[in-house]
Amino acid sequence: MSTSRAAYPEKELIRQCLKGRANAQRQLYEHFAPRMFAVCLRYAKNRHNAEDILQEGFIKVFKYLKNFRGDGSFEGWMRRIFVNTAIEHYRKNSKVYSVEDIPVDYQETTVNPAIQNMSVDELLELVERLPNGYRMVFNLYVMEGLNHREIAGELGISEGTSKSQLARARAQLQKMIAERELKEYGTAI
Amino acid sequence: MEQPSDHSFDRAFREKMQGVERMPSELPWIGISAALDQMRRKRRRGWLLGMAFAAALLALLLLFKPFSSDNSTAGDEQWINAFSALPAWETPALRGGTESGSGNSNSEASALSGTESTSAAPALKSGRMVEQGLASSPLAEQRMSYAAARGDVKPAMNPHKDPVPPGPGMPGYLSAIHASGIPRDEQMSVERKSFVLPDGSFDPLSFRMLRIGFIGMAQATSLGSSGIDNFLADAAGRKRMKVRAAYGLSAALDFSRSFGVEVNLLISSSEGQAFKAGGRRPDLRSNYIRVPVMLKYRFLRAGALRGLPEAFCLKAGVEYGRLNWVNMDEFSNFIEPSQFNPTEFGAVADISYEKYLSPQHILTSGFRARLGSPGKAGNASVRSAALAFYLQLHYGFFKRNR
């Protein structure tokens, strides 16, 4: 698939899609699929699962395109749909086990600079390895900017669980990064 | 309040992930294009269904031809029979006639088939009794007046083409009744029974009527739920429920003076704020296509003999709603249409006042209440309820009651 930018300007592309033009729909997909797929990869447990979310999300985009009011960013609107779809997938496919609200000490470590040395794919791979609940909470908190109350409402968990899952996700990611650094360079940075 | 993502680790992660693009395989597009094809087919099917519905509506309208344009005499046989079969339609004048002439006064049927009426009946059938000079018998003339008064004589709307004795809705109709020699109280009875206004026009309430028209509503909706503050007010007590419009088509069939049935096709919007979820109060807008089907009872009817009719109506019935779209403002991340129930059933009750602007134009104003079945909004279970004020304008097509 090519990554060529759409021939139409965004608004025109949307208008053509609303008319049901197959060519415009394909262009819209090609234009936004790479960015949306990156979002899906962060929420999914594997690539196959991410493609399912991408497919379902785009079908929703085309179905509800008429609802886009045009008073905000179209990409932002699309992104919300994909995040919602990912949450739906998580709800459908995962049993949420409530984790006891055990505080996990977060330490500012030297791991953070290591992130800069990692490729995005390596980082995505580490995120994929997180347990489903940890990954969801981590993404919603860090990438979408939701607070624990909001996350609790979305995932049907308590605020305490959200907090502890976030702390555990951070700790686990840091541990995996440190291990990787150790393996790679024989020492943590 | 905790500021999300103030850790350096989070910041580093976020920066790394910003603007990332990854190519998916061709598989998602194959699934998407198949779904898009299906949506296109569905849309085409919708158009076909709409056209079929329009054709059916047109056929229905043709069946309910406006009474005023019906000047054929094809149905005369039926109304003569109906007239003949009336059991208690005797007046002193009629009795006198039968006593003096036919010797067969048990019923109008026998009177019509009596000796002097044998020539009158076919003349009535053709509606040309007067013109053909066949109404020579006083009794036959009397009967003709009765027939006209009862509305059983088919009125000719084009008197030059098809001159008939004056009938309801025609100039001179009341004069015909008054000149018939029937006592005044009988005349009143005749007037009442024929549902004719003093100016000679019809009382539309007495006819079966198919109405079609438009309806517009101003409605306020509330969502009752434990997870949603609902649209009524936020925690600070400020009203956040917004009155939104509903509009659409309306069709009704009045079976009789009292009963009828009404169906609407409404595009119904509601808007409000105060979702509890997430601590934010996004603006929720929903739009349903609603189809209420109601039974109507008219009461306190007035105007049968004076002026144009007016009546109060009670309506009650059921409603089917289908989610058209739902939208949230920019600050809402996690509500989308698929999280709402696509269908909703409910009960509707309505009180209204209808006023005939003309025998065929009816303006209705009223209040309608709706209670929906439990549904979903985000994670919350909700039950919507609405109160609406509405105006409705109908155009009516008559079909005469037999």
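From the N terminus on, the elements of chain A run α-α-α-α-α-α-α-α-α, giving nine helices and zero strands. Please keep in mind that this is a predicted model, with an ipTM of 0.84 and a pTM of 0.50.

**Chain A as a whole**
- Of the 189 residues in chain A, 41% are buried.
- Among contacts in chain A with a separation of 6 or more, 67% are between residues 24 or more positions apart.

**How H1 and H2 of chain A meet**
- Helix H1 (residues 10–18) of chain A packs against helix H2 (residues 22–43) of chain A at an angle of about 135°, and their axes are 8 Å apart.
- Because of that angle, H1(A) counts as oblique to H2(A).
- The crossing of these two helices, H1(A) and H2(A), is left-handed.
- On the H1(A) side the contact involves Leu13(A), Gln16(A) and Cys17(A), which meet Ala24(A), Gln25(A), Gln27(A) and Leu28(A) in H2(A).
- Sorted by class, this contact between H1(A) and H2(A) has four nonpolar, three polar and no charged residues.

- The average pLDDT of chain B is 65, and 45% of its residues score at least 70.
- Within chain B, confidence is highest in strand S2 (residues 244–254), at a mean of 91, and lowest in helix H4 (residues 92–100), at 33.
- Residues 226–239 of chain B have a pLDDT below 50, and the model gives this stretch 37 contacts beyond near neighbours in sequence.
- Residues 274–279 of chain B also stay under 50, with 24 contacts beyond four places in sequence.
- Where pLDDT is low, the predicted coordinates should not be read in detail.

How values were computed: Residues are numbered from 1 along each chain as its sequence is written. Chains are lettered from A and ligands numbered from 1 in the order in which they are written. This is a predicted model: local features need pLDDT of at least 70, side-chain atom pairs count only at pLDDT 80 or more; totals for chains, interfaces and linings use all residues. pLDDT is the predictor's confidence in each residue, from 0 to 100. Helices (H or I, at least four residues) and strands (E, at least two) are DSSP runs, numbered from the N terminus. Two residues are in contact if their C-beta atoms, placed from the backbone, lie within 7 Å. A residue is buried if 20 or more other C-beta atoms lie within 10 Å of its own, exposed if 12 or fewer, and partly exposed in between; C-beta atoms are placed from the backbone. Axes are lines fitted to C-alpha atoms, for helices over the stretch in contact, and angles run from 0 to 180 degrees between N-to-C directions. Angles under 35 degrees count as roughly parallel, over 145 as roughly antiparallel, 65 to 115 as roughly perpendicular and the rest as oblique. A crossing is left-handed if the near helix is turned anticlockwise from the far one by less than a right angle, and right-handed if clockwise. Ala, Val, Leu, Ile, Met, Phe, Trp, Tyr, Cys and Pro count as nonpolar, Asp, Glu, Lys and Arg as charged, and the others, Gly among them, as polar.
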